Amino acid sequence: MTSEQVRAARALLRWEQKDLAAATKISLPTIKRLETIRGDLPAQARTIEAIRLAFQKAGVEFLDDGQGVRLKPPRKKKGE
């Protein structure tokens, strides 16, 4: 996961850095620091996983190419 993906995912969700910090229980200063460094997140695996899980729970998908993010398509209701 890259800092660019983190910023893009936050933008899709209209989350501020404090929202991501709350969703992951990672300190706000850590979130800010991770987002300032270009490329792969310089963090421990458990920190990256916490960020990934928070975004996935909120409806973000990480693209297979490892470069992008998108919102999950809405689930169809029964009978549609």
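Trainee: Where does Lys25 lie?
Mentor: Lys25 sits in the loop between H2 and H3, where helices are DSSP runs (H or I, at least four residues), numbered from the N terminus. This is a predicted model, so local features need pLDDT of at least 70 and side-chain atom pairs count only at pLDDT 80 or more, while totals for chains, interfaces and linings use all residues. Residues are numbered from 1 along each chain as its sequence is written, and side-chain values use heavy atoms, with hydrogens and water left out.

Trainee: Is Lys25 buried or exposed?
Mentor: Lys25 is exposed, with a relative accessible area of 75%. Exposed means over 50%, buried under 20%, partly exposed in between (1.4 Å probe, protein chains only).

Trainee: And what is phi of Lys25 near?
Mentor: Phi is near 60 degrees, a positive value, and Lys25 is a residue other than glycine.

Trainee: OK, switching to H2. Which residues of H2 are buried?
Mentor: Leu20, Ala21 and Thr24. They cover an arc of only 100 degrees around the axis, so they sit on the same side of H2; the arc is that of the directions from the helix axis to the C-beta atoms.

Trainee: What's on the other side of H2?
Mentor: Lys18 and Ala22, both exposed there.

Trainee: Now H3. Which residues of H3 are buried?
Mentor: In H3 (residues 28-36), those are Ile31, Leu34 and Glu35. They fall within an arc of 95 degrees, so they line one face of the helix.

Trainee: What do the buried residues of H3 pack against?
Mentor: Helix H1 (3-13), helix H2 (17-24) and helix H4 (45-57), with contact meaning heavy atoms within 4.5 Å.

Definitions and conventions. Helix = DSSP H or I, 4+ residues; strand = E, 2+ residues; numbered from the N terminus.
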